[in-house]
Every structure is written in C-alpha cells, then in structure tokens.
Amino acid sequence: MSPKIVIIDYGMGNLRNVQRGFEKIGLESKVTRNKKEIQSASAIILPGVGAFKDCMINLAKYGIVEYLLRSIEEGKPYLGICLGLQILFSESEEFGSHKGLDLIKGRVVKFKPDPEHKVPHMGWNTVEIEREVPILQGIVSGDFFYFVHSYYVIPEETKWISTLTHYGRPFVSSIWKENLFATQFHPEKSQYKGLRILENFAKSIG
C-alpha cells in the first residue's frame, strides 16, 4: 500500500504544482484541509507562497494547527517549501512581528536590497551542502534550484542547517531537524534535481 501523502490546503500557495511534482515520480498525493485526512496521513507537506502572517492566520482559521503539530510530534515526515519552511520558526518580521510554530528556534528576516541583489530573490541559484542528510541524496554543492522569496530564516542553532545559498550574503536554503525537512527553494519548480528531493522525501515515509 502506497503512503498517504497530504498537501495541506490553507488557502495559499502553489499546491497543485507540488501535487504534479509527485505525479511525475509516480506517487499520489492529496490536497486537503480535512482534519481527519491530515490526522491519518503518512506524511505532511506544507508548501507556500505569500505572507507569513496570513499563513498562520489561515492555519488557525481552518483549525489545522493542532493537527499539524500532532502529526509532527508523532514523527510523521514533514516537508515544508518556502513559507512552509519559515513558519517552523519562532517569529517573522514580515509586516510586523508575528509568531510562528516555534518548532525551530530562530527568526525570519528580510533581505536588504543592493544594486546587484534585488528583492525578492527570484530565479535559479545554487546550494552548498552543509550537512549530509538522506533527503539530499543525489544532490551536490553547486546544483541549481528555483527560488522566489524576500525573507530568509536564521536558526539559533546552526546544527539544523543542511544547505546554504549565496545572495549578497549566505542564507539558509534548507534545514533538517528529526522528521522535519524544509527548503526555501521550490523542489516542484526545480526540474529533475527538485524531483529527486521529492523522491528522497517519499523514501523517508515509513
């Protein structure tokens, strides 16, 4: 029986693109905000494009936060993409100060633009491997992934960092903490290297 992969629908994000990514590697996934389906899932994915505050408001409005936290506490694999990475952190400075899920201590801060580095950071950029983790199997330093974001995460503990990317300064482009893996880049838009990450994530599902 194939694992039940749930993509959480909180009213934001490119959910269908992520679902299509799994289709390309031959796996089914379901886009839903149904609490029972989230509870019974084998793995949770939270993609996102948009504002941190709106994401947290919508998760609370749909009653998803409790079920999301419970799934993570139970050890289910979690894949966060872009905003799905940022909400794992303690707080964000986007449009004021807003609390996140606080699963990883740290902050979400905005890039400071300069003549050579526009904000948002948009397009293809490379990753540098900081820590060998299973979900990065087949990925090497210098591989390109697709980014679109104005904010980046600063974890208090550097041991969770799995890749860095340079854009005017080095920033964290992915993290791994126990059953949490999350990327600032978009695997679903990153061609075969991105699909490799989705494949590796699927292998982590018990």
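Predicted model: local features only at pLDDT ≥ 70, side-chain atom pairs only at ≥ 80, totals over all residues.
Helix 1 spans residues 15-24, and its buried residues are Leu15, Val18, Gln19, Gly21 and Phe22. These residues lie on the same side of helix 1, because they cover an arc of only 150 degrees around the axis. In an α-helix there are 3.6 residues a turn, so residues three or four places apart point the same way. The cover over this buried side includes strand 1 (5-8), strand 2 (29-32), strand 3 (43-46) and strand 4 (78-81), together with helix 6 (191-203). Just after helix 1 comes glycine 26, whose phi is positive, at about 80 degrees.

Helix 6 packs against helix 1 at an angle of about 80 degrees, the two axes being 9 Å apart, which means that helix 1 is roughly perpendicular to helix 6. In this contact Gly21, Phe22 and Lys24 of helix 1 meet Leu195, Leu198 and Phe201 of helix 6, and the residues involved divide into 4 nonpolar, 1 polar and 1 charged.

Serine 190 belongs to the loop between strand 14 (180-183) and helix 6, and it counts as buried because its relative accessibility is 2%. Leaving aside residues up to four places away in sequence, serine 190 touches Trp124, Phe145 and Tyr146. Tyrosine 146 is 44 residues away from serine 190 in sequence. Two distances that involve serine 190 are set out below.

Key
Residues numbered from 1 in each chain as written. Heavy atoms only, no water. Buried < 20%, exposed > 50% of the residue type's maximum accessible area, 1.4 Å probe, protein only. Helix = DSSP H or I, 4+ residues; strand = E, 2+ residues; numbered from the N terminus. Arc of directions from axis to C-beta. Contact = heavy atoms within 4.5 Å. Axes fitted to C-alpha atoms, helices over the stretch in contact; angles between N-to-C directions. Parallel < 35°, antiparallel > 145°, perpendicular 65-115°, else oblique. Nonpolar A, V, L, I, M, F, W, Y, C, P; charged D, E, K, R; others polar.
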